[in-house]
Amino acid sequence: MARIAMVYHSGYGHTAKVAEAVAKGLMEISGTQVDILPIDAEGNLPEQAWVILSVANGIIFGSPTYMSGPSWQFKKFADASSKPWSALLWKDKLFAGFTNSASMNGDKLSTLDYMFHLSQQHGGIWAGMGMLPSNTKAATRQDVNYIAGVSGLMTVSPADASVEEAPLSGELETARLFGQRIAQLAQRWSRV
């Protein structure tokens, strides 16, 4: 059994929609326990969430990309993780991350890089996408990994799109497959 905790912040609901798709993929892999831990509007987690994070085999970070980085609420969580850091509670866990922003690029890689470095600060092992991009002339926005994430999952929600309109179904399918990948890796990692 692999236990995966997904801790994320969502400002407008789009990132939460991506988190739901990732969680769906995680739960499709038998032998995976999933704990979904949303960061509230003030950047806080309940105390029990910190306990869950300490016993999980894997941790998935999620945040919208605002102004070329994660939301301040996610940064507040990251700063608060200095307590488990000082006790090496997250050392050798599997980590992964996802982000959503209004633009096709929008400096999403900066947010994933922030998450990667946070995982490394904790002594973790980072898992990227593990899937090829849809990068042919025939590719469309509905294809899997059209945005070509490598370090982590990237999705797009145009600034004027409602949660019902975005992210697109191809991106949500990419999120589901990403969740499956992380669940499979976490199970392998938990047996080591």
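Tyr 66 is partly exposed, because its relative accessibility is 30% (buried means under 20% relative accessible area, exposed over 50%, partly exposed in between, with a 1.4 Å probe and protein chains only). The structure is a predicted model, in which local features need pLDDT of at least 70 and side-chain atom pairs count only at pLDDT 80 or more, while totals for chains, interfaces and linings use all residues. Residues are numbered from 1 along each chain as its sequence is written, and side-chain values use heavy atoms, with hydrogens and water left out.

## Aromatic contacts

Tyr 66 belongs to strand E3; helices (H or I, at least four residues) and strands (E, at least two) are DSSP runs, numbered from the N terminus. The structure as a whole contains 11 aromatic pairs, where rings of Phe, Tyr and Trp (its six-membered ring) pair if their centres lie within 6.5 Å, and planes under 30 degrees apart count as stacked, over 60 as edge-to-face and the rest as tilted. The pair of Tyr 12 and Tyr 66 is edge-to-face, because the ring planes meet at 70°, with the centres 6.5 Å apart. This pair joins distant parts of the chain, since Tyr 12 sits in the loop between strand E1 (2–8) and H1, 54 residues away from Tyr 66. Tyr 12 counts as exposed, with 66% relative accessibility.

One aromatic cluster is formed by Trp 50, Phe 61, Phe 74, Phe 77, Trp 90, Phe 95 and Tyr 114.

## Pockets and cavity

On a 1 Å grid over the protein atoms alone, a cavity is a set of points where a 1.4 Å probe fits but cannot get out, and a pocket is an open set with protein on both sides within 12 Å along at least five of seven lines; lining residues have an atom within 4 Å of a point. Grid points are joined across faces, edges and corners, and a volume is the space filled by probe spheres set on the points. Ala, Val, Leu, Ile, Met, Phe, Trp, Tyr, Cys and Pro count as nonpolar, Asp, Glu, Lys and Arg as charged, and the others, Gly among them, as polar.

| Site | Volume | Lining residues by class |
|---|---|---|
| Largest pocket | about 200 Å³ | seven nonpolar, eight polar, no charged |
| Second largest pocket | about 170 Å³ | six nonpolar, one polar, two charged |
| Largest cavity | about 50 Å³ | five nonpolar, three polar, two charged |

Two or more lining residues come from each of helix H1 (14–27), strand E3 (58–66) and strand E5 (94–101). The largest share, three residues, is that of E3.

The second largest pocket is lined by Glu 47, Trp 50, Val 51, Ser 54, Ala 80, Lys 83, Pro 84, Leu 89 and Trp 90. Helix H2 (47–55) and helix H4 (82–86) each contribute at least two of its lining residues, and H2 gives the most, with four.

There is one cavity of 30 Å³ or more in the whole structure. Strand E7 (153–156) and helix H6 (169–190) are the elements that give two or more residues to the cavity lining. That lining consists of Met 129, Asp 143, Asn 145, Tyr 146, Ile 147, Gly 149, Leu 153, Met 154, Glu 171 and Thr 174.

## Buried positions and packing

Within helix H3 (residues 72–80), Gln 73, Phe 74, Phe 77 and Ala 78 are buried. These residues lie on the same side of H3, because they span an arc of only 145° around the axis, the arc being that of the directions from the helix axis to the C-beta atoms. The buried residues of H3 pack against E1, H2, E3, strand E4 (69–70), H4 and helix H5 (108–121).

Thr 155, in strand E7, is buried, with 0% relative accessibility. Residues up to four places away in sequence aside, Thr 155 touches Val 18, Thr 99, Asn 100, Ser 101, Lys 108, Ile 147, Pro 167 and Glu 171 (contact means heavy atoms within 4.5 Å).

## Backbone features

Pro 167 occupies the loop between E7 and H6, and the peptide bond that reaches it from Ala 166 is cis, with omega near -5°. Met 67, although not a glycine, has a positive phi of about 50°. Met 67 lies in the loop between E3 and E4 and is exposed, at 82% relative accessible area. Ala 148 is likewise not a glycine and has a positive phi of about 70°. The loop between strand E6 (125–126) and E7 holds Ala 148, which is partly exposed at 34% relative accessible area.
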